[in-house]
Amino acid sequence: VPPPPRPEPLSQEEDAQQIRKAIRATLKYMHMEKLEIPFIAIYRKEYVSPLLRGRVEEWATWQEEGGGGAPRVQRWELLWAVHDWDRRYQALERRRRGLHARL
């Protein structure tokens with residue numbers, strides 16, 4: 001069986017658009033559906049796949065090492081980064097509302 005074709009790189013704008021959509025989906029799952037990152041990564045991966053996919057360079061390295069089938073690289077750290085930045089934003093927003101309430 002021949003190895004799978006190398007993924008075609010997207011334009012920067014297409015890639016950025018997909019990433020923004022995945023971030024919105026992640027935030028929706030975290031806030032509205034109260035889902036945790038591991039659950040999102042496993043059971044909602046089709047909606048957040050731009051945040052989970054490996055880099056094109058990793059694909060090339062994997063093929064050079066003789067990997068068979070499709071690589072199973074998942075980058076949960078980007079989902080955790082969205083989680084961390086959201087927590088920081090929420091804390092900043094609470095402080096801002098507190099300051100406005102005092103004035």
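**Charged pairs and their exposure**

Mentor: Lysine 28, in this predicted model, has a relative accessible area of 37% and is partly exposed.

Trainee: Why is lysine 28 called partly exposed?

Mentor: Buried requires under 20% and exposed requires over 50%, so lysine 28, with its 37%, belongs to the class in between. Glutamate 33 is also partly exposed, with a relative accessible area of 36%.

Trainee: What makes the meeting of glutamate 33 and lysine 28 a salt bridge?

Mentor: The N to O distance between their side chains is 3.9 Å, and because the cut-off is within 4 Å, the pair qualifies as a salt bridge.

Trainee: How do you know that arginine 20 and glutamate 13 form a salt bridge, and which class of exposure does each belong to?

Mentor: Their closest N and O atoms are 3.3 Å apart, which is within 4 Å, and therefore the pair counts. Glutamate 13, at 52% relative accessibility, is over the 50% limit and so counts as exposed, whereas arginine 20, at 41%, counts as partly exposed.

Trainee: Why is glutamate 93 called buried, and how is it placed relative to arginine 96?

Mentor: Its relative accessible area of 17% is under 20%, so glutamate 93 is buried, while arginine 96 is partly exposed with 41%. The two are three residues apart in helix H5 (residues 76-102), which means that about one helical turn separates them. Salt bridges with shared partners join Glu93, Arg96 and Arg97 into one network, and in the bridge between glutamate 93 and arginine 96 the closest N and O atoms are 2.5 Å apart.

Conventions:
Residues numbered from 1 in each chain as written. Predicted model: local features only at pLDDT ≥ 70, side-chain atom pairs only at ≥ 80, totals over all residues. Heavy atoms only, no water. Buried < 20%, exposed > 50% of the residue type's maximum accessible area, 1.4 Å probe, protein only. Helix = DSSP H or I, 4+ residues; strand = E, 2+ residues; numbered from the N terminus.
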